[in-house]
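Please look over the sequence and the structure before reading on.

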Amino acid sequence: ADFSGEIGAANAELGCWDPLNFCTDQASFDKMRYAELKHGRVAQLAAWGYATTWSGARFPGCEDFPAGHEAVLKIGTENLIPVLVVAGALETLWKQKEGSFPGDFSATSFPVGFGPFAKTEADMIDLRTKELNNGRAAMMGILGMIVHEQIDGKPFIFFDKFEIYAPFGN
């Protein structure tokens, strides 16, 4: 199948990059795009949370909770249950709009989407492309932070010369 017209799936030099032929038809492409968007959205939140907790910011009651990758290993059931409840609620409440592009959750009663920022079809394509690219960057970013923390204990390699790791007193 030809996906050269899909946002973020092709460029003039390479065409649609799918070396293992996962996308055999439009339905399989949409499934993969939906997963890519979901992973990108989660990675954006993960990168934000990683940097925030590393800076020393904590929710009330979690002041002694570790930052970075160590938090995953020490989360405990009492902290994991609320995370799973919220994730389950989001999976249940936000629904894909029928016949729309993958990741369009505007079929829910809760207002999601690009709102007033997408006035034209060109605006919508631009915002969807930005979301896709930012999600891809965030997936690589959170992976990089985790790897660098495991290597030398510092996830942000570009801040080694500065003492700004803990503005909130880590």
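Which residues line the largest cavity? They are Ile 7, Arg 33, Leu 37, Phe 101, Pro 102, Arg 128, Glu 131 and Leu 132. The model is predicted: local features need pLDDT of at least 70, side-chain atom pairs count only at pLDDT 80 or more, and totals for chains, interfaces and linings use all residues. Residues are numbered from 1 along each chain as its sequence is written, and side-chain values use heavy atoms, with hydrogens and water left out.

**Fold**

- The protein chain has four helices and two strands. Both kinds of element are DSSP runs, numbered from the N terminus: helices are H or I with at least four residues, strands are E with at least two.
- Along the sequence the pattern reads β-β-α-α-α-α.
- The protein chain has 170 residues, and 23% of them count as buried. Buried means under 20% relative accessible area, exposed means over 50%, and partly exposed lies in between (1.4 Å probe, protein chains only).

**Cavities**

- A search of the whole structure finds two cavities of 30 Å³ or more. A cavity is a set of points, on a 1 Å grid over the protein atoms alone, where a 1.4 Å probe fits but cannot get out; lining residues have an atom within 4 Å of a point.
- The largest cavity has a volume of about 70 Å³. Volume here is the space filled by probe spheres set on the points, with grid points joined across faces, edges and corners.
- Helix 1 and helix 4 are the elements that give two or more residues to the lining of the largest cavity. Helix 4 gives the most, with three residues.
- That lining has five nonpolar, no polar and three charged residues. Nonpolar covers Ala, Val, Leu, Ile, Met, Phe, Trp, Tyr, Cys and Pro; charged covers Asp, Glu, Lys and Arg; the others, Gly among them, are polar.
- The second largest cavity holds about 30 Å³ of space. Its lining includes Glu 36, Gly 40, Gln 44, Gly 135 and Met 139.
- Helix 1 and helix 4 each supply at least two residues of the lining of the second largest cavity. By class, that lining has three nonpolar, three polar and four charged residues.

**Largest pocket**

- The largest pocket holds about 2,100 Å³ of space. A pocket is an open set of points with protein on both sides within 12 Å along at least five of seven lines.
- Its lining counts 50 residues, and Arg 41, Val 42, Leu 45, Ala 46 and Val 83 lie nearest the centre.
- Two or more lining residues come from each of helix 1 (26–54), helix 2 (69–73), helix 3 (76–93) and helix 4 (121–152). Helix 1 provides the largest share, 14 residues.
- The lining divides into 31 nonpolar, 12 polar and seven charged residues.

**Surface and single residues**

- Met 140, Leu 143, Val 147 and Ile 151 make a nonpolar surface patch of about 410 Å². Patch residues have over 30% relative accessible area and no salt bridge; like charges are joined within 9 Å, nonpolar side chains (Val, Leu, Ile, Met, Phe, Trp, Tyr) within 5 Å. A salt bridge is a side-chain nitrogen of Lys or Arg within 4 Å of a carboxyl oxygen of Asp or Glu. Accessible areas come from the Shrake-Rupley method with a 1.4 Å probe; for residues, only the protein chains shown count as cover.
- Val 147 sits in helix 4. Its relative accessibility is 39%, so Val 147 counts as partly exposed.
- Asn 79 belongs to helix 3. At 23% relative accessibility, Asn 79 is partly exposed.
- Asn 79 and Cys 62 are 17 residues apart along the chain, and their C-alpha atoms are separated by 9.1 Å.
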